[in-house]
Amino acid sequence: MEPFSLRTERFLLDQPVASDVDDIAVYCTDPVFESFMVTPWPYERKHAVFFVDEFAPGGWERGVEWTWAIREDAGSPLLGVVGIRLGTGMVGYWLGAPHRGRGVMPEALAAVVDAVFERTDRDDVRWECVAGNQASMRVAQKVGFELTGSGTGTIPARDGTPIDAWTGILTRPAPARA
Ligand SMILES: CC(C)(COP(=O)(O)OP(=O)(O)OC[C@H]1O[C@@H](n2cnc3c(N)ncnc32)[C@H](O)[C@@H]1OP(=O)(O)O)[C@@H](O)C(=O)NCCC(=O)NCCS
């Protein structure tokens, strides 16, 4: 399908583009990504090129994963990335380190969840993080995910081994009564 953009009060969610590659390559070398993300490690510029040129557009084309760049406005720098795998309903997100601590991700993720419920027939959206990722858990809680506990995650580590994960679910809101 064709990618669509989302607007929140403060942000635009649109597609990652070639001019975002350098920022992505810097942000994804943040040491917290080694333990809390399954993005390639060590992260190199070619990984950012692949993400922009193939991964994000390919997910849209095949209708399997919707990925957005988060920015303040059209053409402004990328702050981070948010996305959802449609088959499992699993959300994923990261922010460049300089852009954390001002509520960017709860606002962006809430818009993604709304879009999923508006545009698909999914009844729930899922979240999981590596156990101990407090910041990710707080984002999920702020958006309304109910924490469902901890256990083996559905997304394995880079080497294929299981991850000890925290999990959550957000179910489709009941329709308002007339
Ligand atoms: C997860 C992430 C997107 C959150 O960014 P953010 O929205 O700017 O979140 P903030 O930094 O404002 O923090 C959100 C909440 O977590 C808390 N928090 C942040 N870092 C924390 C930490 N290390 N330990 C405990 N709490 C933490 C903040 O206090 C805040 O809670 P509050 O609003 O109740 O005070 C960001 O930390 C990130 O990109 N991390 C690396 C990638 C990652 O882990 N992605 C998630 C993979 S599942």
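## Asp114 and helix α4

Asp114 is partly exposed, with 14 other C-beta atoms within 10 Å. In this predicted model, Asp114 is found in helix α4. The count of 14 places Asp114 in the partly exposed class because a residue is called buried at 20 or more such atoms and exposed at 12 or fewer. Although Asp114 and Arg7 are 107 residues apart in sequence, their C-alpha atoms are 11 Å apart in space.

Helix α4 spans residues 104–119. Its 16 residues reach 23 Å from the first C-alpha to the last, close to the 22 Å expected at 1.5 Å a residue. The buried residues of α4 include Val104, Met105, Ala108 and Leu109, and Ala111, Val112, Val113 and Val116 are buried as well. An α-helix has 3.6 residues a turn, so residues three or four places apart point the same way.

Leu13 lies in strand β2, which covers residues 12–14. Leu13 is buried, because 25 other C-beta atoms lie within 10 Å, and the threshold for a buried residue is 20 or more.

Leaving aside residues up to four places away in sequence, Leu13 touches Ser5, Leu6, Trp68, Ile70, Val82, Ala108 and Ala111. Two of these contacts, Ala108 and Ala111, are among the buried residues of α4. The C-alpha atoms of Leu13 and Ala111 are 8.9 Å apart, across a sequence separation of 98 residues. Trp68 and Ile70, also touched by Leu13, fall within β3 (65–71).

The peptide bond from Trp41 to Pro42 is cis, with omega near -5 degrees. Pro42 is placed in the loop between α2 and α3. Most residues other than glycine have a negative phi, and most peptide bonds are trans. At the other end of α3, the helix is followed by Gly63, whose phi is positive, near 70 degrees.

Helix α3, residues 45–62, contains 18 residues and reaches 25 Å from its first C-alpha to its last, close to the 26 Å expected at 1.5 Å a residue. The helix bends by about 45 degrees at Phe51. Phe51 is also one of the buried residues of α3, together with Ala48, Val52 and Ala56. These buried residues pack against α1 (21–27) and β3 (65–71).

## Antiparallel pairing around β8

Strand β8 (residues 164–171) runs antiparallel to strand β6 (residues 124–130), and seven bridges join the two. Within this pairing, Arg126 has Ile169 of β8 as its bridge partner.

Strand β8 also pairs with strand β7 (residues 146–152) in the antiparallel sense, over six bridges. Here Gly149 stands opposite Thr167 in β8. In a regular strand the side chains alternate between the two faces of the sheet.

## The shell around the ligand

The ligand is surrounded by 19 residues, of which Met105, Cys129, Gln134, Ala135 and Arg138 are the closest. By class, the shell divides into 12 nonpolar, five polar and two charged residues.

At least two shell residues come from each of α2 (31–36), β5 (90–95), α4 (104–119) and α5 (134–143). Helix α5 gives the most, with five residues. Met105, among the closest residues to the ligand, is also a buried residue of α4.

How values were computed. Residues are numbered from 1 along each chain as its sequence is written. This is a predicted model: local features need pLDDT of at least 70, side-chain atom pairs count only at pLDDT 80 or more; totals for chains, interfaces and linings use all residues. A residue is near a molecule or strand if its C-beta atom, placed from the backbone, lies within 6 Å of it. Helices (H or I, at least four residues) and strands (E, at least two) are DSSP runs, numbered from the N terminus. Ala, Val, Leu, Ile, Met, Phe, Trp, Tyr, Cys and Pro count as nonpolar, Asp, Glu, Lys and Arg as charged, and the others, Gly among them, as polar. The expected span of a helix is 1.5 Å times one less than its number of residues. The bend at a residue is the angle between axes fitted to the seven residues ending there and the seven starting there. Two residues are in contact if their C-beta atoms, placed from the backbone, lie within 7 Å. Two strands pair if DSSP finds at least two bridges between them.
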